[in-house]
Amino acid sequence: MVSHSDDTQKLSLKRVLRDERFWKIAFQVITALVVLLLIAFFIGNLNANLTRRGTAFGFNFMRNPAGFSIGESAIRYLPNDPYWKALLVGFSNTFTLVVAGIALTTVVGVAAGVASFSQNWLLYKLSRVYVGLVRNVPLLLQLFFWYFAVYSNLPRPENQISFVGIVYLNNRGVYIPWPATAQLALFGVGVVIVGAIAAFFLWQWHLKIRVATATGGKPQLYGLIGLGVLVAAIVVFGLNWRIPEEVEGGGVVGGLRLSREYVASLSALVFYTSAFVAEIVRAGIQSVSKGQWEAARSLGLPAPSVMRLVVFPQAMRVIIPPLNSEYMNLTKNSSLAFAVAFPEIYSIANTTFNQTGRPVEVFLVLMATYLVMCLIITLVMNQLNRAVQFKER
Amino acid sequence: MKKWGFLGLAAALTLAACGGSTDTASDGGPGTSGGASRLQTVLSRGQLICGVDGGIPGFSFVDESGAYSGLDVEVCRAVAAALFDDPNAVEFRRLDSTERFTALSGGEVDMLSRNTTWTISRDTSVGMEFAPTTFYDGQGMMVRVDSGITDLEDFAGRAVCVETGTTTELNLTDQMRRLGVEFEPVVFQDADAAYAAYDEGRCEGITSDKSQLIARRSTLPNPDEHTLLEVTMSKEPLGPLTVNNDSAWFDVVKWVTFGLIQAEEFGITSENVEEFLGSDDPNIARFLGEEGTLGTDMGLPNDFMYRVVTHVGNYGEIYERNLGSESEFNLERGLNDLWTNGGLLYAPPFR
Amino acid sequence: MTTTTSGSFSAGPPAGAKIGPIAWARKHLFSDWFNSLLTLIIVSVLGFAGFRLITWAFIQAQWLLIPNNIGLLMSGTYPSNQYWRIWTLLGVVCTLAGLSWGIIARNLSRLFSPWVLGGIAVVSAFFVVFPATRPSSMILLPMVAIVAVMAWVGRLVGRKLAIAGQLISLLWFVSYFVALWLIGGGLGLRTISTNDWGGLVLTLFTAISGIALSFPLGMILALGRRSELPVVRWLATAYIELVRGVPLVALLFMGQVMIPLFLPEGARPDRVVRAIIALSLFSAAYLAENVRAGLQAVPRGQQEAAASLGLNTPLTLTLIVLPQALKIAIPAIVGQFISLFQDTTLLAIVGLAELLGMGRSVLANPAYLGRYAEMYLFLGIIYWVFCYAMSLGSRKLEQKLNTTH
């Protein structure tokens with residue numbers, strides 16, 4: 001640190017060199033220059049190389065027909081559709097995988113995390129062993145294991161397994177009941193989401209009254225039950241479910257077929273990520289100070305209520321930030337599904353690159369897609385995080 | 001505190017040192033010599049680097065001891081024998097279908113001998129140079145005998161396993177579009193996974209080059225349960241290739257390949273090649289380098305074909321050893337016979 | 001699920017000794033009807049699964065593919081007449097491992113406690129009995145002996161020599177280059193191209209190189225992101241967030257295809273090098289975030305105190321802040337190393353025959369078609385052992401650092 005008291009001294013080189021401010025600016029300028037030069041060097045080489053190969057940078061190729069077919073798709077796609085449509089199909093497949101993955105991971109991970117506080121020694125041990133085993137084995141290996149060693153043992157369509165005639169399992173995949181049209185399915189999802197939000201607020205309202213009056217809040221509780229019944233009724237009867245039916249000689253018609261690739265990828269992703277979520281939940285619960293447990297119990301709350309009303313809400317504050325990064329990991333890891341032939345975005349991008357020889361453009365599209373997905377998850381989780389933070393009084 | 005300072009230093013040093021190791025490692029690989037032919041690079045290296053698949057029994061396959069075998073592999077060995085009089089002076093590099101061309105054009109390998117179909121776009125826009133075809137193939141479809149499938153129309157609503165990055169994927173789509181059949185492609189990154197998935201019944205059919213299908217069929221648990229459909233979806237001439245604009249090196253690969261065919265036409269085998277030395281037939285004398293300067297004109301020793309035949313044998317021997325009667329596949333010669341026997345193999349004159 | 005939880009705050013493993021087994025079972029397994037039901041369900045499911053697993057493992061499974069291909073799985077297509085180089089390397093690593101163990105444990109009263117002796121016996125017996133390692137047991141057993149002897153030597157040296165710790169770190173550092181030389185050749189040894197590196201050797205090599213490269217890079221990025229210089233901060237933040245937003249497969253793909261495009265014509269680094277670059281660049285962004293969390297946990301007073309002592313910014317960072325931050329961040333950093341180790345499996349899909357890739361190519365061999373479960377279980381155990389050892393090591397390191405302060 002240089003003393004600035006001696007203002008009369010002439011501005012000399014020595015003084016400048018001693019001044020930390022000079023170095024700060026110089027350092028930044030040098031860093032910026034080096035990075036810029038590097039980027040210029042890379043871009044220059046890239047241009048030269050691409051020109052030499054006759055594939056100048058540009059996205060016009062996206063309008064050319066793709067020419068390959070895609071096994072499964074949430075949106076309609078034909079082989080002579082353009083590349084951008086094929087990539088869109090890949091994105092839709094990734095999206096379905098990620099959404100289902102996040103939902104299931106939350107359920108399984110929280111269950112496994114909470115189970116590690118169980119009084120039942122076996123359940124406790126089971127949860128610990130699960131976490132210790134799964135976290136230490138690479139996801140890709142687990143993915144291959146699920147696809148080739150687990151789901152390949154399912155019977156062929158001729159002697160498929162059926163669960164009460166509603167769900168069918170064979171080595172092609174899993175067949176589940178599904179609303180008759182995509183619009184109805186979306187409608188169903190919407191109803192559930194709206195119902196869940198309404199239920200959340202009703203519950204908050206109920207708790208508020210409950211805290212204030214100790215006995216009130218009954219109407220809200222009945223409202224909650226009514227809401228549940230209503231949503232359940234709409235979901236069960238309003239969506240015109242198509243139940244899969246067995247065909248003579250094997251195979252299934254109707255319902256929704258989840259391909260084996262999808263199911264195996266989903267299983268591996270959920271199984272793997274849940275172990276990390278379980279650890280996060282466990283750490284979150286442990287972070288709640290012991291006094292909170294004791295205070296809650298001394299109030300006479302039964303054990304489940306202690307967890308639900310006192311401990312878990314506090315643990316949420318610690319849980320949500322790392323949970324966000326686990327969800328992002330799941331999103332990015334979903335790209336591994338291409339190794340078991342699930343046509344998600346990376347797989348389609350890879351094929352597109354093979355046929356067009358345009359690695360840079362394809363990579364940019366891929367990067368943008370994942371960045372957008374991660375951004376959406378972060379935004380949602382930030383909202384959630386804000387909702388559970390301490391309300392300073 | 002001291003300890004951590006040291007750790008930081010060590011880390012920084014590692015960074016620097018690893019940067020250094022990057023250079024040494026890339027020195028080991030083939031560098032592009034500006035302007036000069038790849039032939040000089042290979043000769044001065046004393047070893048050929050050949051890109052192969054490594055996962056196709058009969059063409060290129062790695063066994064338990066890590067040794068390579070197959071038709072594609074022997075073509076590489078023949079080139080190595082011509083260059084160095086040593087069929088083992090070759091390093092095989094396993095490449096998957098998506099990276100093979102970039103590996104070749106980037107100079108990572110000297111030549112490809114990797115079940116590569118000769119097409120106009122690969123010859124022109126991808127920038128490859130195709131040596132003579134060593135195997136005439138066509139895309140076929142393998143199904144289970146008991147599936148009752150007899151032609152492509154039967155695939156409506158059924159699944160086909162296919163490997164990505166290959167012409168087969170596009171040919172299949174084209175054929176099915178022509179027939180108006182809606183099918184489910186299950187696209188795998190590598191052939192092994194595709195055959196494995198077909199084997200356990202994930203797909204009703206698997207499509208690939210017929211030779212590959214036959215080779216793979218013999219490796220399935222019950223080969224008799226699988227059959228090839230009559231249909232041929234495409235022409236697949238497979239052969240070795242080098243990169244464009246290097247005719248000196250391309251000539252070597254091209255003429256060694258032709259030489260294998262010519263040797264069979266002459267009836268010269270690895271067993272009887274000694275008897276042909278000092279032959280009165282000027283064609284054979286030229287071929288084996290006892291007359292003329294066919295080899296030296298190309299930048300090779302004059303007896304390069306003598307070396308090749310001694311070490312590797314002629315095309316017929318290679319074929320029988322890897323695909324034909326001496327192999328587990330027992331594949332008919334068919335199109336891959338000499339023109340004199342009704343096949344397509346025909347070498348231009350050695351003169 | 002909430003119903004299964006109880007108020008017991010830390011239901012750790014049983015206190016055991018004091019209560020009898022029946023009382024213990026009643027307390028921990030059958031405390032009420034719900035717990036009893038749960039126990040019964042778990043026991044029956046586990047029992048069924050265990051029975052199936054055992055019958056499968058001992059009757060149906062054909063384990064022969066493991067011993068038959070152990071060479072491929074361990075070192076890929078490395079020429080077998082050069083195997084001695086791998087063994088020498090293992091000897092070097094065992095020597096160093098033994099020495100480190102001895103030095104770290106120099107203050108323990110007994111180096112070879114019954115537990116450790118039992119462990120050594122089990123490992124040795126395993127090497128003799130297990131079919132895959134039996135042919136090499138004449139080499140592996142001396143390796144175990146080397147570790148044990150060197151541990152003893154290390155303890156002696158550690159007690160005499162105060163700088164033994166630093167010395168062993170230096171030796172580890174040097175050993176990396178010895179390993180590079182032994183595996184790759186040159187300087188009198190036959191050169192073995194990276195094309196022939198494979199199996200576990202390649203996995204470990206890429207993982208260790210990746211860790212060694214990403215660690216300093218991650219530290220620089222973390223410091224950059226926390227820097228008060230805006231340009232540096234923006235650049236570091238942009239890098240970290242961009243890389244963290246992309247899956248590793250995509251980066252590896254870029255490494256294999258695009259790195260040559262970004263370099264001058266003809267410059268084409270070896271593909272193992274390309275993979276290591278991609279792995280390190282990826283991992284560094286995550287490490288940076290772990291280190292940053294550690295940096296944030298260092299009280300601001302530390303920095304101010306150092307500044308008031310007249311230390312300049314670089315010195316403050318390297319001598320005062322970073323050491324404390326790294327110590328806090330150890331669990332997260334090791335966690336990142338573990339995931340880097342696991343991420344090396346992704347090299348299998350960009351065409352490098354590391355352990356998983358080698359396993360897959362063995363499975364393509366007609367003789368072993370369909371033996372997925374055996375192969376993947378075996379590979380899973382190998383990965384598990386390494387990852388578990390790493391997390392165990394990190395816990396020990398954490399404990400050690402906690403007690404010294």
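Predicted model: local features only at pLDDT ≥ 70, side-chain atom pairs only at ≥ 80, totals over all residues.
Strands here are DSSP runs of type E with at least two residues, numbered from the N terminus. Strand E5 of chain B, residues 90–94, is one such run, and Val90(B) lies in it.

**Chain A as a whole**

- Chain A contains 12 helices and 8 strands.
- The radius of gyration of chain A is 28 Å, whereas a compact globule of 393 residues would have one near 21 Å.
- Of the 393 residues in chain A, 34% count as buried.
- If you take the contacts in chain A between residues at least 6 apart in sequence, 64% of them join residues at least 24 apart.

**A sheet in chain A**

- Four strands of chain A form an open sheet in the order E1-E2-E3-E8, and their pairing is antiparallel.
- At the edges sit strand E1 (161–163) and strand E8 (256–259) of chain A, each of which pairs on one side only.
- On average, neighbouring strands of this sheet are turned by 15° against each other, with direction ignored.
- Strand E3 of chain A, residues 173–176, pairs with E8(A) in the antiparallel sense over 4 bridges.
- Within this region, Ile176(A) stands opposite Leu256(A), a residue of E8(A).
- Helix H8 of chain A (residues 260–287) packs on the sheet and touches E3 and E8 of chain A. The direction of helix H8 makes about 65° with that of E8(A).

**Where chains A and B touch**

- On the chain B side, 18 residues are in contact with 19 residues of chain A.
- Helix H6 (167–179) and strand E10 (184–188) of chain B are the elements that give two or more residues to this side.
- E10(B) gives the most, with 5 residues.
- The chain B residues that touch chain A divide into 6 nonpolar, 7 polar and 5 charged.

**A look at Val90(B)**

- Is Val90(B) buried or exposed? Val90(B) is buried, because 25 other C-beta atoms lie within 10 Å, and 20 or more are enough to count as buried.
- Leaving aside neighbours within four places in sequence, Val90(B) is in contact with Gln47(B), Leu48(B), Cys50(B), Cys76(B), Arg77(B) and Ala80(B).
- Tyr198(B) is 108 residues away from Val90(B) along the chain, and the C-alpha atoms of the two are separated by 34 Å.

Definitions and conventions:
Residues numbered from 1 in each chain as written. Chains lettered and ligands numbered in written order. Contact = placed C-beta atoms within 7 Å. Nonpolar A, V, L, I, M, F, W, Y, C, P; charged D, E, K, R; others polar. Buried ≥ 20, exposed ≤ 12 C-beta atoms within 10 Å, placed from the backbone. Rg over C-alpha atoms; globule rule 2.2 N^0.38 Å. Pairing = 2+ DSSP bridges. Axes fitted to C-alpha atoms, helices over the stretch in contact; angles between N-to-C directions.
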